[in-house]
Amino acid sequence: MGDTIANRLRTLRMEHEISQEKLAEELDIARTTVSHLENGNREPSLYVLMAYAEYFSVSVDWILYGKEHEE
């Protein structure tokens, strides 16, 4: 599996040992949204990006690009 947004979102969830259902509940989104994001069928909205970043204490840059923003 490549280094994609979908892969990073799935990896975050799995590393924290949380189910799709529980994550969806925590982020106030549908479980199907989590599934679509992790399978690469849908791109995350700004709201979802921010929610994931805050919940997992990572930057939006890391979710989008796999690295922190370089100045």
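Q: What makes serine 57 exposed in this predicted model?
A: Its relative accessible area is 67%. Exposed means over 50%. Serine 57 therefore counts as exposed. The residue lies in the loop between α4 and α5.

Q: What is noted about the phi of serine 57?
A: The phi is positive, about 55 degrees, although serine 57 is not a glycine. Most residues other than glycine have a negative phi. Serine 57 follows α4.

Q: Where does glutamate 17 lie, and what is its phi?
A: Glutamate 17 is in the loop between α1 and α2. Its phi is positive, about 50 degrees, and it is not a glycine.

Q: Why is glutamate 17 called exposed?
A: Its relative accessibility is 75%. The cut-off for exposed is over 50%. Glutamate 17 therefore counts as exposed.

Q: Why is serine 19 called partly exposed?
A: Its relative accessible area is 33%. Buried needs under 20%, exposed needs over 50%, and partly exposed is in between. So serine 19 is partly exposed. Serine 19 is found in the loop between α1 and α2. Its C-alpha atom is 9.4 Å from that of arginine 31, and the two are 12 residues apart along the chain.

Q: How do you know that glutamate 25 is exposed?
A: Glutamate 25 has 58% relative accessibility. Exposed starts over 50%, so glutamate 25 counts as exposed. Glutamate 25 lies in helix α2.

Q: What makes valine 34 buried?
A: Its relative accessibility is 0%. Buried means under 20%. Valine 34 therefore counts as buried. Its place is in helix α3.

Q: Which residues are in contact with valine 34, leaving aside its neighbours within four places in sequence?
A: They are Arg13, Gln20, Leu23, Ala24, Ile29 and Tyr52. As for distance, the C-alpha atoms of valine 34 and arginine 10 are separated by 8.7 Å, and these residues are 24 apart along the chain.

Q: Why are α2 and α3 called roughly perpendicular?
A: They pack at an angle of about 110 degrees, with their axes 8 Å apart. Angles of 65 to 115 degrees count as roughly perpendicular. α2 and α3 are therefore roughly perpendicular to each other. Their crossing is right-handed.

Q: Which residues make the contact of α2 with α3?
A: From α2 come Gln20, Glu21, Leu23 and Ala24. From α3 come Arg31, Val34, Ser35 and Glu38. By class, that is three nonpolar, two polar and three charged residues.

Q: How do you know that α2 is roughly perpendicular to α4?
A: The axes cross at roughly 105 degrees and come within 10 Å. The range for roughly perpendicular is 65 to 115 degrees. So α2 is roughly perpendicular to α4.

Q: What classes of residue make up the contact of α2 with α4?
A: Seven are nonpolar, none is polar and one is charged. α2 gives Leu23, Glu26 and Leu27. α4 gives Tyr47, Ala51, Tyr52, Tyr55 and Phe56.

Q: Which residues of α4 are buried, and what covers them?
A: Val48, Leu49, Ala51, Tyr52, Ala53 and Phe56 are buried. Their cover includes α1, α2, α3 and α5.

Q: Which residues touch the most other members of the largest nonpolar core?
A: Leu23, Tyr52 and Ile63 do, in a core of 17 residues. α1, α2, α3 and α4 each supply at least two residues. The largest share, six residues, comes from α4. In soluble globular proteins, nonpolar side chains tend to be buried together.

Q: What is tyrosine 52 in contact with, leaving aside its neighbours within four places in sequence?
A: Its contacts are Leu9, Leu23, Leu27, Val34, Leu37, Glu38, Ser57 and Ile63.

Key: Residues are numbered from 1 along each chain as its sequence is written. This is a predicted model: local features need pLDDT of at least 70, side-chain atom pairs count only at pLDDT 80 or more; totals for chains, interfaces and linings use all residues. Side-chain values use heavy atoms; hydrogens and water are left out. Axes are lines fitted to C-alpha atoms, for helices over the stretch in contact, and angles run from 0 to 180 degrees between N-to-C directions. Helices (H or I, at least four residues) and strands (E, at least two) are DSSP runs, numbered from the N terminus. Angles under 35 degrees count as roughly parallel, over 145 as roughly antiparallel, 65 to 115 as roughly perpendicular and the rest as oblique. A crossing is left-handed if the near helix is turned anticlockwise from the far one by less than a right angle, and right-handed if clockwise. Contact means heavy atoms within 4.5 Å. Ala, Val, Leu, Ile, Met, Phe, Trp, Tyr, Cys and Pro count as nonpolar, Asp, Glu, Lys and Arg as charged, and the others, Gly among them, as polar. A nonpolar core is a set of buried Ala, Val, Leu, Ile, Met, Phe, Trp, Tyr and Cys residues joined through side-chain atoms within 4.5 Å. Buried means under 20% relative accessible area, exposed over 50%, partly exposed in between (1.4 Å probe, protein chains only).
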